[in-house]
Amino acid sequence: MYYSPYPFYYRYPVNTYPPVDTTLFQQSLQTYPSLLEKGRDVVQHFTTSSVRMQQLMTAAQAGQDEEVDRIMQEVAGPFDVRTTYTPMSVTFTISINQANTTSQCCRLQMYLRWG
């Protein structure tokens, strides 16, 4: 068997990446404070209204998805809130309704224990 006295070094191809575009990232950063504010409003709404808290938990326990969505839409206003729940927790995913764009720039997901 023949071994070359000169070491062979494999040259990996140089990756060329396209230039970065920060437009969407900047849009997300500018939008996120309003999502945080709406998340704070949702928490504050349920914290100050034990009746609403009871209604949400009762509807979720009974599997009344339409009622849960209605309660959350009243709280969220123009924001889109998707609610998923289990016997142990509820998750609110808040995003902004943007009719002029096909993709959402960002969303806020809140996981809260309730059981």
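## Burial along helix H1

Buried means under 20% relative accessible area. By that cut-off, helix H1 buries Ser 28, Thr 31, Leu 35, Lys 38, Gly 39, Val 42 and Phe 46. The model is predicted.

An α-helix has 3.6 residues a turn, so residues three or four places apart point the same way.

## Overall layout

The protein has three helices and three strands. Along the sequence, the order is α-α-α-β-β-β. Of the 115 residues, 28% are buried.

Contacts also reach across the chain. Take those between residues at least 6 apart in sequence: 46% of them join residues at least 24 apart.

## Shape of H1

H1 covers residues 23–48, which is 26 residues. From first C-alpha to last, H1 reaches 38 Å. That is close to the 38 Å expected at 1.5 Å a residue.

H1 does bend. The angle is about 30°, at Thr 31. A proline, Pro 33, follows within four residues. Thr 31 is also one of the buried residues of H1.

## The aromatic pair

How many aromatic pairs does a search of the whole structure find? The search finds one. Phe 46 and Phe 92 form this pair, and it is stacked. The ring centres are 6.2 Å apart, with 5° between the planes.

Phe 46 belongs to helix H1 and Phe 92 to strand S2, so the pair ties together parts 46 residues apart in sequence. Are these two residues buried or exposed? Both Phe 46 and Phe 92 are buried.

## H1 against H2

H1 and H2 pack at about 100°. Their axes are 5 Å apart. Angles of 65 to 115 degrees count as roughly perpendicular, so H1 is roughly perpendicular to H2.

Which residues make the contact? H1 supplies His 45, Phe 46 and Thr 48. H2 supplies Ser 50, Arg 52, Met 53 and Leu 56. Phe 46 therefore has a part in this helix contact as well as in the stacked pair with Phe 92.

## Trp 114

Trp 114 sits in the segment after S3. Its relative accessible area is 22%, so Trp 114 is partly exposed.

Leaving aside neighbours within four places in sequence, the contacts of Trp 114 include Leu 56, Met 57 and Ala 60. They also include Tyr 85, Thr 86, Pro 87, Met 88, Ser 89 and Val 90. Trp 114 and Met 57 are 57 residues apart in sequence, yet 8.5 Å apart in space, C-alpha to C-alpha.

How values were computed. Residues numbered from 1 in each chain as written. Predicted model: local features only at pLDDT ≥ 70, side-chain atom pairs only at ≥ 80, totals over all residues. Heavy atoms only, no water. Helix = DSSP H or I, 4+ residues; strand = E, 2+ residues; numbered from the N terminus. Expected span 1.5 Å × (residues − 1). Bend = angle between axes of the 7 residues up to and from the residue. Buried < 20%, exposed > 50% of the residue type's maximum accessible area, 1.4 Å probe, protein only. Phe/Tyr/Trp six-rings, centres within 6.5 Å; stacked < 30°, edge-to-face > 60°. Axes fitted to C-alpha atoms, helices over the stretch in contact; angles between N-to-C directions. Parallel < 35°, antiparallel > 145°, perpendicular 65-115°, else oblique. Contact = heavy atoms within 4.5 Å.
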